[in-house]
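Me: I'd like to learn how to read a model with two chains. Can you walk me through it?

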Protein chains: 2
Amino acid sequence: MTLRVDWRVSVGLVGTILKWLWVPLSLPFALALYDGTPIVPFLLPMIGTLLVGAGLERLPDTRDLQAREAFLMVALTWLTIALVGTVPFLLAGSGTLADPVNALFESMSGITTTGATVIVDFDEHSRAIHLWRSTLQWIGGLGILVLATALLSQLSVGGAQLMETESQTQDVNKLTPRISETAGLLWKLYIGLTVLMIAVLSLLRVIGLAPEMTLFDAVAHAFTAVSTSGFSPRGNSIATFSPAVQWAVIPFMALGATSFVLLYFVLQGDFDRLRESDEFRFYAGILGVFTAAVAAVLFTDASPALTVEETIRHSLFQVVSIVTTTGYASIDFDLWSPAAKHLLFVGMFIGGMAGSTTCSIKALRWLVVIKAFRRDLFVATTPSAIRPVRLSGNVVDEETVRDIYAYTLVSLVFFILGTVFVVIDASRAQVAVTEFEAMSAVAATFFNVGPAFGIAGPLASYEPFPPSTKFAMTLLMWVGRIEIIPVLVLLTPSFWRS
Amino acid sequence: MTLRVDWRVSVGLVGTILKWLWVPLSLPFALALYDGTPIVPFLLPMIGTLLVGAGLERLPDTRDLQAREAFLMVALTWLTIALVGTVPFLLAGSGTLADPVNALFESMSGITTTGATVIVDFDEHSRAIHLWRSTLQWIGGLGILVLATALLSQLSVGGAQLMETESQTQDVNKLTPRISETAGLLWKLYIGLTVLMIAVLSLLRVIGLAPEMTLFDAVAHAFTAVSTSGFSPRGNSIATFSPAVQWAVIPFMALGATSFVLLYFVLQGDFDRLRESDEFRFYAGILGVFTAAVAAVLFTDASPALTVEETIRHSLFQVVSIVTTTGYASIDFDLWSPAAKHLLFVGMFIGGMAGSTTCSIKALRWLVVIKAFRRDLFVATTPSAIRPVRLSGNVVDEETVRDIYAYTLVSLVFFILGTVFVVIDASRAQVAVTEFEAMSAVAATFFNVGPAFGIAGPLASYEPFPPSTKFAMTLLMWVGRIEIIPVLVLLTPSFWRS
Ligand SMILES: [K+]
Ligand SMILES: [K+]
């Protein structure tokens, strides 16, 4: 019996990625050297991944990378980096991260750009460990950008035609005929945005508007804002910093969740693209409507007592943070009223634009769902009509429409099944978890948002969940980040055998 | 400018239905006469509907009933009966039902077979009023059976081809070539099941196993069990009665949510149909898995202290009650642990079999979603493969698959939007409603289940919600019961104008 998938091709490519992990690991390594904190937790995996990666790379590959091999590679890459990412946490051995289940949760939360943390005391960990958390998220954001442009577009039920549509609308193919060139442009943009944010935050410090903001903070937060990830070395997240910093962080989260192809065109001076993109207008509209709704609720609640500027700032910050799936907190929004919290909870299901570092279902899919369903309603009363679904002027083919319906629905079903597991597992382990806490924690991990409500609120920790629940959430982050399909196909027998 | 829809055809048909409303109204009228309680609340609408109905029926209809006219008729029928249904409540003027918003909520909850109540003190209302509540539900169940077989099959995005599939699989067309004959058979089955249940409950009383069960109770509960509706004249619902009654009620709820076409064949002795129906096995499997899960959770919780028989009885009763969308309570399940409650909450999204009186999304749609998505996963790794989705051996066409994906997704989106409204509206009116209370109340009304958790728990009342929230839930019950599409198409401009 022969396998249908040539796993050596997939594992060989994972080896190539492993071989280069010493580069991101060298950042916390250098900081540890500078700070005089332990360097072994970083040095050991640097050597290990180089040796193992170089070894795996030599696997004989008999076949080209096809759909099966690509699915396997994507699933394995995120899993492998998550495993490697635990090594510094385990070797440092400080705080809650010394526990293997916690270490894997934190590492997966890093590489999947989720930002859910099991840290309880942030000061127990060295700056190097915090920088490793941020670095994991930065390479996680970069990885998803590459995946979105180069690979996911060819795979995944909803993703395939989705990205095709995306590229049609935005002429990626005209822009650069070769995928690797496109990827290269997006890398540069990603690096540029990160550097710009470090500069802005440092400038605020220099002009006295950000007294708490060290260079270390500037780098760590730039890494996790542009990648819409949300880890912070500070236990109070962005609530640590001045209003000026909070205002400055908002556009970077929003840009991180904007299509990088669109950003590229705008940088070229082609501002019409913004106006012509149905998805961009939808994404901006979602941010506007949710911010207005949250602000209105906060004004009505009148508790906690916030000034007008504070109400607007925190409404906009939290809506942008949640809808872009960054997950930073500018205030402990877990203390807000049920209405304000519920709005943020619903925001978790949306996500930013396709072709960015954002997670969750994404604005593009919701837009297609809305347009297609309006079309379906029209056809229901005019059976003879033929009316295609159009996105930014281009026709979306019917198979794509079906696949986007399917992907969106399956995401919601996965979410529901996840909540059932979490609430039952917590009950079994006699950890008090309410229905809404379970639902928000599952949404926050599966849609890679980060903070939830109650037990795992924005200034709290996922640590109190039972280990089995945390392990399940680790899997949810993995499945959610690579858009479900690459994992689910691995579970179908026909993937492996004829 | 001429309208595209010939509203006179629709309104004329609503008139015909109105004309016959004196028949169900005569039941509580007769009971009021017998009990010596006010008869005017029933006599007046009997005369009024007869006159208005006969008048509307005379509207000149220039066109045949086509899709547009049928959508309008369905939407208007449920709305009109809900309005008529308020008259006895308002004229009786007792208790919370004297309030117009409450009366409309209760009446809509009746005709849509929801079973959510705004009654606070059940003893304030006459037996005739309680019988009117049950009668509304019984005709609501009958109406949906007729709609499912005769009309909904031709309309609604998901429903159209869904029922086509249904009829293909189950040879309705072979059975009786003419729709009205099929409808006639199902009526008789519905009436037969109701009479059987009255007989069983009365027998239990006679042999001493149901001391609380009067003939009135037997009739009122038979009306609301077979129609999977759930109103009870008793404030404690089925928890009022003995374990024997609770066991006896379970199969009638389950039968009410079983395809009546399938039941017809089984009555003909064709038991193979059960085994051959993918949908029936799925429906039975859902009931089994959920019951086992709830029982396991209750055993683990060990509080409240229940015997083994009680644990099994209440688990089975509540799972059947919620999944069939009946909504009876055999115990105050709102006191159960979050895990047990969450399982029931998720059960609200499923529903029984198509072609029955059940509400919610329905087992058939979920089964098609699962089968189609498994197919999609297979095709994702084997792009050259062509593999149709099969249901009970028959191919489901791809347009149907897309429409079922769409309908299921839109149901969930409607649910989410409903929760946003309810939680914000309650906040505005300063009524304390948690996120989970809002979500469960919206699911219970939109999916026509009835009781929710917390504020509107199984032995509680929807009365405390603000009037605006209750009005919104009234609309949700209406939209949910007639499967969304007939209402949404009315909101599209193209429905009315070219
Ligand atoms: K995140
Ligand atoms: K019901």
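This is a predicted model: local features need pLDDT of at least 70, side-chain atom pairs count only at pLDDT 80 or more; totals for chains, interfaces and linings use all residues.

Me: How are chain B and chain A related?

Reply: Superpose the copies and look at the rotation and the shift. Here a 180° rotation, with 0.0 Å of shift along its axis, puts chain B on chain A at an RMSD of 0.0 Å. That's how a two-fold axis relates copies.

Me: And through which surface do the copies meet?

Reply: Compare the interface residues of each chain. For chain B, 100% of them are also interface residues in chain A, so the copies meet through the same surface. Each side is listed too: 55 residues from chain B and 55 residues from chain A.

Me: What is the area buried between chain B and chain A?

Reply: About 4,600 Å², with carbon and sulfur atoms giving 77% of that.

Me: How many salt bridges are counted between chain B and chain A?

Reply: Six. One of them pairs Asp376(A) with Arg402(B), whose closest N and O atoms are 3.5 Å apart. On the side of chain B that touches chain A, H18(B) gives the largest share, 18 residues. That side divides into 33 nonpolar, eleven polar and eleven charged residues.

Me: What about Arg4(A), buried or partly exposed?

Reply: Arg4(A) has a relative accessible area of 22%, so it counts as partly exposed. Arg4(A) lies in the segment before helix H1 (7-19) of chain A.

How values were computed
Residues are numbered from 1 along each chain as its sequence is written. Chains are lettered from A and ligands numbered from 1 in the order in which they are written. Side-chain values use heavy atoms; hydrogens and water are left out. Helices (H or I, at least four residues) and strands (E, at least two) are DSSP runs, numbered from the N terminus. Buried means under 20% relative accessible area, exposed over 50%, partly exposed in between (1.4 Å probe, protein chains only). Copies are superposed by least squares on the C-alpha atoms of residues with pLDDT of at least 70 in both. Contact means heavy atoms within 4.5 Å. Buried area is the accessible area (1.4 Å probe) that two parts lose on being put together, summed over both. A salt bridge is a side-chain nitrogen of Lys or Arg within 4 Å of a carboxyl oxygen of Asp or Glu. Ala, Val, Leu, Ile, Met, Phe, Trp, Tyr, Cys and Pro count as nonpolar, Asp, Glu, Lys and Arg as charged, and the others, Gly among them, as polar.
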